[in-house]
Amino acid sequence: MLSPVKPLVLSLALPLSLTACAYDPAAVVPPASETPITLRTMGSFAFGGSVIYREDGTTFHGDHGYAQYYIPAQARHLPIVMWHGIGQSGKTYESTPDGREGFQALLPRDDYAVYIVDQPRRGRAGYTAAEMVQTAIPTLTSEAGVWEAFRNGPWQAGSKAHVFKDSAFPLSPAAVEQFFRQQTPDTGAEPQSAAYRRFMGRTGAAFFESIGEGILITHSNSGQYGWEIAMVSDKVRAIIAFEPGACAFPESNPPEDFEIGQDLVRERLAPRMVTDAEFEKLTEVPILIIFGDNIATTVQKEAFNAEVWRVARLRAEQFVKEVNARGGDAQLIDLPSLGLKGNTHASFADLNNL
């Protein structure tokens with residue numbers, strides 16, 4: 001049972017999405033403005049990574065990140081860096097599933113330079129010597145799990161997919177088709193360990209060394225990496241976290257426990273404990289956390305993703321309180337409380353993304 005606050009769902013005949021709906025360029029939604037986007041330059045580069053020196057004298061350059069960038073002719077002072085979530089690539093910030101402009105275009109229209117990241121072992125940064133391991137995360141094991149993780153609606157095995165009645169997800173057959181086809185596999189393991197988070201922090205810091213100061217956007221699973229990057233790099237000037245899957249907390253003051261309905265959720269969303277000195281770095285930059293709609297408010301003992309976002313929001317509330325108690329500047333925005341109803345886990349790609 002999902003949250004009693006948002007119980008209304010509509011059945012979605014997903015066979016329509018599974019009978020490949022051709023993408024028709026002529027049907028693409030017109031741009032947000034008739035004014036052309038004027039760029040000074042655009043391009044891409046790899047950042048961070050490691051080199052393996054093999055016994056036969058050859059090398060292997062892997063585990064780097066990839067970034068594409070778009071720099072407006074009259075760019076604002078600080079660029080915006082966008083890091084995707086689990087099972088995703090930089091595609092998530094490009095065009096929306098129904099063909100409208102994503103943040104890739106909307107932000108340069110407002111004179112923001114943008115950098116869109118593919119993280120190590122994903123997408124165009126997939127070169128790695130690391131082995132892949134099986135995962136138990138429903139988000140990565142089935143499209144039903146993806147549908148639920150993005151809070152488009154519930155989809156239990158053996159039944160039809162549903163969509164929340166007020167959902168801001170674009171529900172045309174072609175949009176559903178595009179949504180599923182933007183999922184991206186890992187090419188190597190993404191360990192849930194402090195050592196790997198440190199590695200991702202160093203990788204992100206290497207990126208900011210390349211471009212200089214900027215604003216970092218994270219989404220979902222990459223929220224944990226955003227905290228790590230800001231704890232390492234003094235070039236992160238602000239963080240905008242869309243529904244972070246995990247938050248950092250100081251070792252001297254662990255967050256208060258609360259009931260969690262599933263062991264796997266408890267494991268995956270465990271507080272990321274860091275030293276007090278590291279946590280203090282997070283009080284030096286403004287932090288904005290954004291959550292969408294249709295998040296459960298009661299303990300979920302069966303629906304994995306419903307419990308994930310209930311717990312994630314509670315942890316984010318604890319994180320904001322801890323940052324501010326130490327003199328920082330953190331804010332959590334609940335979109336429904338602002339009258340923005342129906343936003344999914346990816347509000348930056350919803351019908352109201354503009």
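Residues 1–7 have a pLDDT under 50, where pLDDT is the predictor's confidence in each residue, from 0 to 100. The model gives this stretch 18 contacts beyond four places in sequence, a contact being heavy atoms within 4.5 Å. Residues 15–19 also fall below 50, with six contacts beyond near neighbours in sequence. This is a predicted model: local features need pLDDT of at least 70, side-chain atom pairs count only at pLDDT 80 or more, and totals for chains, interfaces and linings use all residues. Residues are numbered from 1 along each chain as its sequence is written, and side-chain values use heavy atoms, leaving out hydrogens and water.

**Confidence**
- The protein chain averages a pLDDT of 92.
- At least 70 is the score of 92% of the residues.
- Where pLDDT is low, the predicted coordinates should not be read in detail.

**Aromatic pairs**
- The whole structure holds 25 aromatic pairs.
- Rings of Phe, Tyr and Trp (its six-membered ring) pair if their centres lie within 6.5 Å; planes under 30 degrees apart are stacked, over 60 edge-to-face, the rest tilted.
- Phe45 and Tyr115 are edge-to-face, because their centres are 6.5 Å apart and their planes at 75°.
- Tyr93 and Phe348 are tilted, with centres 4.8 Å apart and planes at 35°.
- Tyr93 and Phe348 lie 255 residues apart in the chain.
- Ring pairs join Phe45, Phe47, Tyr69, Tyr115, Phe207 and Phe208 into a cluster.

**Burial**
- Buried means under 20% relative accessible area, exposed over 50%, partly exposed in between (1.4 Å probe, protein chains only).
- Phe45 is partly exposed at 23%, whereas Tyr115 is buried at 11%.
- Tyr93 is buried at 1%, and Phe348 is buried at 2%.

Terms used
Helices (H or I, at least four residues) and strands (E, at least two) are DSSP runs, numbered from the N terminus.
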